[in-house]
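Colleague: I am new to this one. Can you take me through some of its helices?

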Amino acid sequence: MTEIPAPRHIPDRLDKPLSSAIFSWEALLVVVAVAIFAINSFSSPYFLDPYSLSDLTFNFTEKGLIAFAMALLIISGEIDLSVAAIIALASTMMGMAVQAGAGTPVLVLIGIVVGLGCGAFNGLLVTRLGLPSIVVTIGTMSLFRGIAFIILGDQAYKGYPESFTFFGQGYVWWVVSFELVLFLIAAIVYWLVLHRTSFGRRVFAIGNNPVAAQFSGVRVSRIKFILFCLTGLMSGIASVLITSRLGSTRPSIAQGYELEVITMVVLGGVSILGGAGSILGVVLAAFIMGLVTFGLGLLNVPGIVMSIFIGLLLIIVIALPIVWRRLHGGR
Amino acid sequence: MKAFLKYREIWLLAATVVLIGLISTRFPAFADPGNLRQVFNDTSILMILALGQMVVILTRSIDLSMASNLCFTGMVVAMLNAAHPAIPIPLLIVIALVVGLVLGAINGLLVWRLNIPSIVVTLGTLTIYRGATFVLSGGAWVNADKMSPDFIGFQRAAFLGIPVLSWIAILVIALFFVLMTRTALGRSIYAIGVNPTASVYAGIDVGRTKFIVFCISGMIGGLSGYLWISRYVIASVEVANGYELNIIAACVIGGISIAGGIGSVGGAVLGALFLGIISNALPVINISPFWQMAISGSAIILAVVLNARSERQQGRIILRKVEAVT
């Protein structure tokens, strides 16, 4: 009944035998994803259309990009609730630049730099002053979005240049959107970083035991700082995509995204207590959330009812293995 | 420890007084007792909610679903009132408490029986409860003209010159004060936050206490549901959207440590009042209300920085004592 987690099994190798792969979290997610896909294609004739499926990807690519960085951050035992506010602030700054007559390359640069700066600000507060990240980022969440509100009030920025629309609305090839390509590239990069580099192993080490990691020569503060910067950076990139897709900026842009991103990460099997998780799981969770929202959308289910399904999915997918293990008397 | 806690609240109280002083230099009528009573009344719901959140945070948990619970319960009582205006208000309040309790118990059971981290459980129920409000109402609003005069008027009625809403807040504050300082449950809540393992050895059922804590925050969410709807006289799916973070912000400003075990009723009340004063003062001193979000954000960050510093000092003092003994 105590909160203290059991010591986790940390394997020397990442390659597991096939038997464990079948019962893994990712396998469960694949089953869920296939099931939802099948239900969707039976219930709506419009679902299995390449253009529909392409539209579907816009439901998760922007949030998914942030979810990769957030996964690393949560694995290291921290959290960032300010990601949606960073999107709002970065988008507002891009809007200001447009009014000043900035071109597309400058806009993209501003979005990314503002995101990175906000992430660094979070990182400094958490690592330099040793503050709990959940509270710091609740504060910066109000602060960042608050600045957007001060600048914009009830106004909106419009008039983004024609070439800027490519990032959120453009297609690279046939129905494959730029956003989807970016999402897949980011997935591969983050997979490599987390599962194939010593940096990734350090992130896991910090999440499992920050004190032991520190004594093993891991620069805990520096790595956490980098992770906050990464999360800010990805939020900045997401801000460019969303602003480009919507073509306008209001201070309420991307409201509530932070909880959806965290839901995605947790659904992907990342332990909210830190120390465990995989990028593949997050990719699958992103697909599942996209499938659920899009499939229900085709059936004319309102967005708010979809959120019930997402919430139930989150709790059930996490509760299921626990109940199952208990019924079978623990392994 | 006790002296230390008082120390923190005195500082917060001083900050609040300074804030009121600063505002009254720009707008003298703000410090008028009548206006301060008004500010207290305006902040009542946030104070009540912050107290409910406080007991949860003290046990190292968090309840993100309070605002959704408020929204759902508010819709239930509003629809009941619209359909059966004859139901007396005290009974409606009891219904609100029970509905809130059930929603809180669902959170509590998932945390207690399945050991799922509370942030995950309440992240899920946050969306579920708000979605359930939509299913319940079919997306329709319950407007002022459908509510009975009693439903709207109950909390506005003055008793000894103070509205009933303020009296409810005072009553809840008193109940929480007794709970936290004079009952075994209150002490267990602190014990779990300070050291869950030691609490188990001290004979405290940690899981069950967490369940009770979520029931309390659920009941508070339900009560606030009725208070909110009858105050702003509209029940919709959008009610209190995103408010869960304001509640946590009030707790944080009130010096309640997110790591559990540290915090007091006075702190939570002052934290909520601090936010209430800011939101009430901005319009009267001619600052655009759009500044409010950034100001409360800065207040949260400042509060965390100050709290963290005092917590660290506390650690050093204990070490010094140990050294002196050995």
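Colleague: Where in α15(A) does the kink of about 30 degrees lie?
Modeller: This is a predicted model. Look shortly before the proline P321(A) in α15(A). The kink there is about 30 degrees, and its residue is A319(A).

Colleague: What end-to-end reach does helix α15 of chain A have?
Modeller: Helix α15 covers residues 303-327 of chain A, which is 25 residues. At 1.5 Å a residue, 36 Å is expected. From first C-alpha to last, the helix comes close to that, at 35 Å.

Colleague: Is α5(A) parallel or oblique to α12(A)?
Modeller: Helix α5 (residues 83-99) and helix α12 (residues 220-246), both of chain A, pack with their axes 8 Å apart. The angle is about 55 degrees. That makes α5(A), relative to α12(A), oblique.

Colleague: Which hand does the crossing of α5(A) and α12(A) have?
Modeller: Residues of α5(A) in the contact include V83(A), I87(A) and M94(A). On α12(A), G232(A), S239(A) and T243(A) are among them. As α5(A) passes α12(A), the crossing is right-handed.

Colleague: Which residue just after α6(A) takes a positive phi?
Modeller: Helix α6 of chain A spans residues 104-129. Just after that helix, phi is positive, about 65 degrees. The residue is G130(A).

Key: Residues are numbered from 1 along each chain as its sequence is written. Chains are lettered from A and ligands numbered from 1 in the order in which they are written. This is a predicted model: local features need pLDDT of at least 70, side-chain atom pairs count only at pLDDT 80 or more; totals for chains, interfaces and linings use all residues. Helices (H or I, at least four residues) and strands (E, at least two) are DSSP runs, numbered from the N terminus. The expected span of a helix is 1.5 Å times one less than its number of residues. The bend at a residue is the angle between axes fitted to the seven residues ending there and the seven starting there. Axes are lines fitted to C-alpha atoms, for helices over the stretch in contact, and angles run from 0 to 180 degrees between N-to-C directions. Angles under 35 degrees count as roughly parallel, over 145 as roughly antiparallel, 65 to 115 as roughly perpendicular and the rest as oblique. A crossing is left-handed if the near helix is turned anticlockwise from the far one by less than a right angle, and right-handed if clockwise. Two residues are in contact if their C-beta atoms, placed from the backbone, lie within 7 Å.
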